[in-house]
Amino acid sequence: MQTSIPKPKLLITLRTITTSATVSCNQRAASERGFLNLLQSCNTFSNLLQIQAQILKLGFQNSPLILTKFVSKASDLNSIEYAHCFLFSPHSNTHFYDAFLFNTIIKAYAQTANLKPKALWVFNFMLECRVLPNDFTYPVILKACAGIGDLNLGMSVHGSLLKFGLHRNDPVLNTLVHMYCSCKGGIVFGRKVFDEMTKNDSVPWSAMIGGYVRLGRSNDAVDLFRKMQTQGVCPDEITMVAVLCACTDLGALELGKWIESLIERERVNKSLELNNALIDMFAKCGDVDKALKLFRTMNERSIVSWTSVIVGLAMHGRGLQAVSLFQQMVRDGVAPDGVVFIGLLSACSHSGLVEKGKEYFDLMRKEFGLLPKIEHYGCMVDMLCRAGLVREAVEFVQKMPIEPNSIIWRTLINACRTHNELKLGESLARQLIRNEPMLEANYVLLSNIYAKMSHWEKKTKTREVMDTKGMRKIPGSTTIELNNKIYKFVAGDMYHNQYKEIFEMVDEMGREMKRAGYVPSTSEVMLDIDEEDKEDNLNRHSEKLAIAFALMNTPPGTPIRIVKNLRVCSDCHSATKFISKIYNREIIARDRSRFHHFKDGLCSCNDFW
């Protein structure tokens, strides 16, 4: 970064420019060049104010070149609003403003966190001033629209670029795809633009794949990436980061490994962001040791690198390793942030390290000066609840200096059901429904509490209220990656082409488990039916169907990896322990909060799940 010009030298330079500016056109051009050099060296707001005064004094307020550089420098100094007031004051003569100047102002606003709508104001004013937009205008204005996320606004800008005939420009079309993919309900329009454009390089592919990933449509992202491969388009690091995020979401480890080999084969630039995406993918797809190995070989690490590994270790229940890595991070002089502490507290929660968790929660403020946020309080409540300390968790919530959110209340209610504090759970669930009467998850919690209490009439009434309000429970599902395909199962799934064989395999699993001493946990069935029907209902859970499918279609002794969208129930957790021993399989299951490694009849979570 350049150093600030000393004040006496600045004044001398300004006087020189002032003297020469009054002589001739040639000298005026020379003074303009001097002014541009001066702006190039300016890096403080006070210098910018001095230069502004001279712009007015010398009549350079009608020079688009100098005003453009002034705006650019103001943007660098986070003072774009000040420059805006100067350029668009009632006394400004905007007749001299050109597209280059307007584009610079629009770009400056588009790059801000919360002033993007002003980019649209400048764009509209540009049109009012009869300054025609060009190929450089629309990419920046569309980026602003993407940041705002307003589909109607984006569509109106799309109409504008069609009007001016700029819809054949590749950078414009690439940004148009990105804009549509960033707006709610815009993905269909983004795909239409994508399908109709030429796609000779990776940019439009990356924009579309990234759009699918942000919407959680990871299967679509992977399918499009495969199409990109068949068309011979070489991916870049941005494409790879997006596809790795899709693999992470799907838990598709084999695909992630193939992507890693493709990165090496195509010699894709392994930027810090790409390395972080690889680490995150391996950690969240079940191979945390590979994530650690990659982390150890990195020449450059960011706070994201450390966080990804710590969070990965937390998800796998390796709390002591996560704590050790955190201590190494501090020793290496990397200042932890709030996100790192979320990972650290989660690691303590998943490993039952209650005292360690309390210690680090206190150290946040005392040693590192970080004020705990609601997410940190949520981790503490989760930690106490997993350890069965429900009453202590309630007391902790009551003493919190900030208002607990619905996630914390739902954590408490789930813990009440798990640890048979049912009256307390009912009371908390009723209060939560009063606070959030239109959230279906709250009614599901209360319904489950009533089922555990065998209050079937109250459970039915709660479900009827949900039906009246048009609410539906999120169905449990389990996915499994096999032979480069992702298979999805829901409870009682009869749509798979092997469903008859799968059900037969499930029945066989049930017989073998009972011989080994397995007792079904029928309290998990939230239906008023007899015990035999409850057992049959448990046998049709999505994770059991996915495991049966894997046992049928993979060689004996190979690991099985499954991903569940919800938390695994206690019966499936118990059953999977038995299956791992009976069939001599390691089963790695990822639910919505952590990994479970089942082997030889045991689970890595030690029941802190």
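1. Ser302 is buried, because its relative accessible area is 18% and the cut-off for buried is under 20%. The model is predicted, and the points below should be read as describing that model.

2. Ser302 sits in a loop, with helix H17 (288-297) on one side and helix H18 (303-315) on the other. Not counting residues up to four places away in sequence, Ser302 touches Leu272 and Asn276. With Asn276 there is a polar contact, side chain to side chain, at 3.3 Å.

3. Asn276 is one of the buried residues of H16; others include Leu274, Leu278, Ile279, Met281 and Phe282. In total, 10 of the 13 residues of H16 are buried, and the helix is mostly covered. The cover over these buried residues includes helix H14 (237-250), helix H15 (253-265), H17, H18 and strand S5 (595-599).

4. H16 runs over residues 272-284 and spans 18 Å from its first C-alpha to its last, close to the 18 Å expected at 1.5 Å a residue. Just after H16 comes Gly286, which has a positive phi of about 110°.

5. Two of the annotated spans can be described from the model. Residues 302-336 are 74% helix and 0% strand, with end C-alpha atoms 11 Å apart. Residues 98-133 are 69% helix and 0% strand, and their end C-alpha atoms lie 9 Å apart.

Note on methods. Residues numbered from 1 in each chain as written. Predicted model: local features only at pLDDT ≥ 70, side-chain atom pairs only at ≥ 80, totals over all residues. Heavy atoms only, no water. Helix = DSSP H or I, 4+ residues; strand = E, 2+ residues; numbered from the N terminus. Buried < 20%, exposed > 50% of the residue type's maximum accessible area, 1.4 Å probe, protein only. Polar contact = N/O pair within 3.5 Å; in protein donor to acceptor, adjacent residues only side chain to side chain. Contact = heavy atoms within 4.5 Å. Expected span 1.5 Å × (residues − 1).
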